[in-house]
Amino acid sequence: MDTIKDMIAAQRAELAEVLAGLPGPGWDEPTLCAGWRVREVVAHITMPFRYGRGRFALELAKSRGRFNEMADRLARHDAAAMSPADLTASVRSNIGHPWQPPGGGAAGALAHDLIHGLDITVPLGLAVHPVPEERLRPVLPASLADRSVKFFGVDLDGIELRASDMDWSLGSGVPLTGAAADLLLVLCGRTLPAGRLSGEPSARFTRH
(Lines give C-alpha, C1' and ligand atoms only; values in the text may rest on other atoms or scores of the structure.)
Protein backbone atom coordinates (compact mmCIF):
# COMPACT_ATOMS: atom_id res chain seq x y z
CA MET A 1 0.00 0.00 0.00
CA ASP A 2 1.22 3.49 -0.79
CA THR A 3 2.30 5.72 2.08
CA ILE A 4 0.65 9.11 2.59
CA LYS A 5 3.80 10.63 1.08
CA ASP A 6 3.22 8.55 -2.06
CA MET A 7 -0.43 9.60 -2.16
CA ILE A 8 0.50 13.28 -1.95
CA ALA A 9 2.98 12.88 -4.80
CA ALA A 10 0.39 11.06 -6.93
CA GLN A 11 -2.25 13.71 -6.20
CA ARG A 12 0.08 16.54 -7.24
CA ALA A 13 1.25 14.70 -10.35
CA GLU A 14 -2.36 14.17 -11.46
CA LEU A 15 -3.22 17.82 -10.85
CA ALA A 16 -0.18 18.92 -12.86
CA GLU A 17 -1.41 16.83 -15.78
CA VAL A 18 -4.88 18.35 -15.57
CA LEU A 19 -3.46 21.88 -15.48
CA ALA A 20 -1.06 21.22 -18.36
CA GLY A 21 -4.04 20.32 -20.55
CA LEU A 22 -6.26 23.18 -19.42
CA PRO A 23 -6.99 25.73 -22.20
CA GLY A 24 -6.17 29.34 -21.42
CA PRO A 25 -9.77 30.45 -20.71
CA GLY A 26 -10.12 27.58 -18.24
CA TRP A 27 -7.75 29.31 -15.84
CA ASP A 28 -10.35 32.03 -15.33
CA GLU A 29 -13.23 29.64 -14.64
CA PRO A 30 -14.76 29.79 -11.14
CA THR A 31 -14.00 27.03 -8.66
CA LEU A 32 -15.76 25.71 -5.58
CA CYS A 33 -13.70 28.19 -3.51
CA ALA A 34 -15.93 31.26 -3.42
CA GLY A 35 -14.34 34.17 -5.27
CA TRP A 36 -11.38 32.21 -6.58
CA ARG A 37 -10.79 31.16 -10.16
CA VAL A 38 -8.60 28.22 -11.10
CA ARG A 39 -5.51 30.43 -11.09
CA GLU A 40 -6.11 31.63 -7.51
CA VAL A 41 -6.63 28.09 -6.24
CA VAL A 42 -3.41 26.88 -7.88
CA ALA A 43 -1.54 29.89 -6.50
CA HIS A 44 -2.85 28.95 -3.05
CA ILE A 45 -1.94 25.26 -3.41
CA THR A 46 1.62 26.17 -4.36
CA MET A 47 2.09 28.97 -1.83
CA PRO A 48 3.76 26.67 0.74
CA PHE A 49 6.27 25.59 -1.92
CA ARG A 50 7.19 29.15 -2.86
CA TYR A 51 7.23 30.92 0.50
CA GLY A 52 9.84 30.15 3.12
CA ARG A 53 9.10 30.44 6.84
CA GLY A 54 10.48 33.97 7.06
CA ARG A 55 8.40 35.26 4.16
CA PHE A 56 5.34 33.44 5.48
CA ALA A 57 5.74 35.03 8.92
CA LEU A 58 6.16 38.47 7.33
CA GLU A 59 3.05 38.11 5.20
CA LEU A 60 1.05 36.83 8.17
CA ALA A 61 2.17 39.85 10.19
CA LYS A 62 1.01 42.14 7.37
CA SER A 63 -2.43 40.59 7.76
CA ARG A 64 -2.24 40.96 11.57
CA GLY A 65 -2.26 37.23 12.12
CA ARG A 66 -5.42 36.62 10.10
CA PHE A 67 -4.47 33.57 8.02
CA ASN A 68 -7.53 33.56 5.75
CA GLU A 69 -7.00 37.21 4.89
CA MET A 70 -3.33 36.56 4.11
CA ALA A 71 -4.14 33.49 2.02
CA ASP A 72 -6.68 35.40 -0.06
CA ARG A 73 -4.36 38.36 -0.57
CA LEU A 74 -1.43 36.22 -1.66
CA ALA A 75 -3.54 33.98 -3.90
CA ARG A 76 -4.86 37.00 -5.78
CA HIS A 77 -1.44 38.65 -6.00
CA ASP A 78 0.39 35.53 -7.17
CA ALA A 79 -2.38 34.55 -9.59
CA ALA A 80 -1.98 37.92 -11.28
CA ALA A 81 1.82 37.77 -11.28
CA MET A 82 2.29 34.18 -12.48
CA SER A 83 1.36 32.71 -15.86
CA PRO A 84 -0.56 29.43 -16.17
CA ALA A 85 2.71 27.80 -17.26
CA ASP A 86 4.45 29.12 -14.13
CA LEU A 87 1.67 27.88 -11.88
CA THR A 88 1.62 24.46 -13.53
CA ALA A 89 5.40 24.21 -13.22
CA SER A 90 5.15 25.07 -9.52
CA VAL A 91 2.88 22.09 -8.99
CA ARG A 92 4.91 19.71 -11.16
CA SER A 93 8.31 20.65 -9.73
CA ASN A 94 7.10 20.22 -6.14
CA ILE A 95 5.48 16.79 -6.39
CA GLY A 96 7.77 15.52 -3.64
CA HIS A 97 7.82 18.70 -1.52
CA PRO A 98 7.75 17.80 2.21
CA TRP A 99 5.46 20.68 3.32
CA GLN A 100 2.97 19.90 6.05
CA PRO A 101 0.47 22.34 7.55
CA PRO A 102 1.18 23.31 11.18
CA GLY A 103 -0.32 20.62 13.39
CA GLY A 104 -1.75 18.77 10.38
CA GLY A 105 1.02 16.37 9.53
CA ALA A 106 1.17 14.42 6.30
CA ALA A 107 -2.57 13.73 6.37
CA GLY A 108 -3.15 17.49 6.52
CA ALA A 109 -0.98 18.01 3.45
CA LEU A 110 -2.87 15.29 1.60
CA ALA A 111 -6.21 16.84 2.58
CA HIS A 112 -5.05 20.27 1.41
CA ASP A 113 -4.00 19.04 -2.03
CA LEU A 114 -6.93 16.68 -2.45
CA ILE A 115 -9.67 19.13 -1.50
CA HIS A 116 -8.27 22.03 -3.50
CA GLY A 117 -7.73 19.74 -6.48
CA LEU A 118 -11.42 18.84 -6.32
CA ASP A 119 -12.26 22.53 -6.01
CA ILE A 120 -10.85 22.84 -9.52
CA THR A 121 -11.82 19.60 -11.23
CA VAL A 122 -15.40 19.16 -9.99
CA PRO A 123 -16.92 22.42 -11.33
CA LEU A 124 -14.96 22.10 -14.58
CA GLY A 125 -16.22 18.55 -15.08
CA LEU A 126 -12.69 17.20 -15.04
CA ALA A 127 -13.07 14.86 -12.05
CA VAL A 128 -13.75 11.89 -14.31
CA HIS A 129 -11.89 9.31 -12.20
CA PRO A 130 -12.99 8.51 -8.63
CA VAL A 131 -10.53 9.54 -5.93
CA PRO A 132 -8.91 6.32 -4.70
CA GLU A 133 -10.36 5.11 -1.42
CA GLU A 134 -6.89 4.83 0.09
CA ARG A 135 -6.42 8.59 -0.35
CA LEU A 136 -9.78 9.41 1.15
CA ARG A 137 -9.48 7.22 4.25
CA PRO A 138 -6.79 9.36 5.98
CA VAL A 139 -8.74 12.54 5.19
CA LEU A 140 -12.37 11.66 5.96
CA PRO A 141 -13.32 12.32 9.60
CA ALA A 142 -14.31 9.42 11.83
CA SER A 143 -16.81 11.39 13.92
CA LEU A 144 -18.59 14.74 14.18
CA ALA A 145 -16.17 15.60 16.98
CA ASP A 146 -13.14 15.57 14.67
CA ARG A 147 -11.24 18.82 14.43
CA SER A 148 -11.71 19.06 10.66
CA VAL A 149 -15.50 18.97 11.06
CA LYS A 150 -15.44 21.68 13.70
CA PHE A 151 -13.07 23.84 11.64
CA PHE A 152 -15.48 24.31 8.76
CA GLY A 153 -18.55 24.48 10.99
CA VAL A 154 -21.01 22.99 8.50
CA ASP A 155 -24.41 22.40 10.10
CA LEU A 156 -25.07 18.66 9.83
CA ASP A 157 -27.72 18.49 12.54
CA GLY A 158 -30.18 15.74 11.64
CA ILE A 159 -28.20 14.63 8.57
CA GLU A 160 -26.26 11.44 7.91
CA LEU A 161 -23.59 11.68 5.23
CA ARG A 162 -23.56 8.31 3.47
CA ALA A 163 -20.92 7.46 0.85
CA SER A 164 -22.16 5.60 -2.20
CA ASP A 165 -18.75 4.32 -3.29
CA MET A 166 -17.15 3.12 -0.04
CA ASP A 167 -18.04 2.04 3.46
CA TRP A 168 -18.16 5.41 5.23
CA SER A 169 -20.84 7.46 6.91
CA LEU A 170 -20.96 10.34 9.36
CA GLY A 171 -23.67 11.66 11.63
CA SER A 172 -27.23 10.46 12.01
CA GLY A 173 -30.57 11.43 10.56
CA VAL A 174 -31.86 11.94 7.03
CA PRO A 175 -29.35 10.48 4.53
CA LEU A 176 -27.37 12.71 2.20
CA THR A 177 -25.77 10.37 -0.31
CA GLY A 178 -22.95 10.89 -2.78
CA ALA A 179 -19.43 9.83 -3.66
CA ALA A 180 -17.15 10.05 -0.64
CA ALA A 181 -15.09 12.81 -2.31
CA ASP A 182 -18.22 14.90 -2.84
CA LEU A 183 -19.28 14.42 0.77
CA LEU A 184 -15.81 15.54 1.83
CA LEU A 185 -16.43 18.75 -0.11
CA VAL A 186 -19.77 19.17 1.68
CA LEU A 187 -17.91 18.90 4.99
CA CYS A 188 -15.59 21.66 3.78
CA GLY A 189 -18.50 24.02 3.19
CA ARG A 190 -18.64 23.70 -0.59
CA THR A 191 -21.84 23.69 -2.62
CA LEU A 192 -21.68 21.22 -5.50
CA PRO A 193 -22.95 21.16 -9.09
CA ALA A 194 -26.37 19.64 -9.59
CA GLY A 195 -26.67 15.87 -9.79
CA ARG A 196 -23.78 14.91 -7.52
CA LEU A 197 -25.79 14.45 -4.30
CA SER A 198 -29.05 12.72 -3.53
CA GLY A 199 -31.44 12.66 -0.59
CA GLU A 200 -33.78 15.18 0.96
CA PRO A 201 -31.00 17.54 2.21
CA SER A 202 -29.20 17.62 -1.18
CA ALA A 203 -30.71 20.94 -2.33
CA ARG A 204 -29.08 22.67 0.63
CA PHE A 205 -25.63 21.64 -0.57
CA THR A 206 -26.18 22.05 -4.32
CA ARG A 207 -25.62 25.10 -6.50
CA HIS A 208 -28.74 26.58 -8.04
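Predicted model: local features only at pLDDT ≥ 70, side-chain atom pairs only at ≥ 80, totals over all residues.
Visitor: How do you know that the structure holds zero disulfides?

Guide: A disulfide needs two cysteine sulfur atoms within 2.5 Å. The sulfur of cysteine 33 has its closest cysteine sulfur in cysteine 188, at 9.3 Å, which is too far for a bond. Seen from cysteine 188, the closest cysteine sulfur is that of cysteine 33, again at 9.3 Å and too far. The count of disulfides is therefore zero.

Visitor: Why is cysteine 33 called buried?

Guide: Buried means a relative accessible area under 20%. Cysteine 33 has 9%, so the term applies.

Visitor: What about cysteine 188, buried or exposed?

Guide: The relative accessible area of cysteine 188 is 6%. The limit is under 20%, so cysteine 188 is buried too.

Visitor: What makes strand β1 mostly covered?

Guide: Strand β1 runs over residues 159-163, and four of its five residues are buried.

Visitor: How do you know that β1 pairs with strand β3?

Guide: Pairing takes at least two bridges between the strands. β1 and β3 (residues 174-178) have five, in the parallel sense, so they count as paired. One of the contacts joins alanine 163 to its bridge partner in β3, glycine 178.

Visitor: Which sense does the pairing of β1 with strand β2 have, parallel or antiparallel?

Guide: The sense is antiparallel, over three bridges, with β2 at residues 169-171. Two would be enough, so this is a pair as well. Leucine 161 has leucine 170 of β2 as its bridge partner. β1 and β2 form a hairpin, with five residues between them.

Visitor: How much space lies in the largest pocket, and which residues are closest to its centre?

Guide: The largest pocket holds about 1,600 Å³ of space. Its lining has 42 residues, and Phe67, Trp99, Pro101, His112 and Phe151 are the closest to the centre. Among the elements that give two or more residues to this lining are α2 (38-50), α4 (67-81) and α6 (105-121). The largest share, six residues, comes from α6. By class, the lining divides into 26 nonpolar, eleven polar and five charged residues.

Visitor: What lines the second largest pocket?

Guide: The second largest pocket, with about 350 Å³ of space, is lined by 16 residues. Glu14, Val18, Thr121, Leu126 and His129 lie nearest its centre. α1 (4-20) and α6 each supply at least two lining residues. The classes are ten nonpolar, four polar and two charged.

Technical notes. Residues numbered from 1 in each chain as written. Heavy atoms only, no water. Buried < 20%, exposed > 50% of the residue type's maximum accessible area, 1.4 Å probe, protein only. 1 Å grid on protein atoms, 1.4 Å probe; cavity = no way out; pocket = protein on both sides within 12 Å on 5 of 7 lines; lining within 4 Å. Points joined across faces, edges and corners; volume = space filled by probe spheres on them. Nonpolar A, V, L, I, M, F, W, Y, C, P; charged D, E, K, R; others polar.
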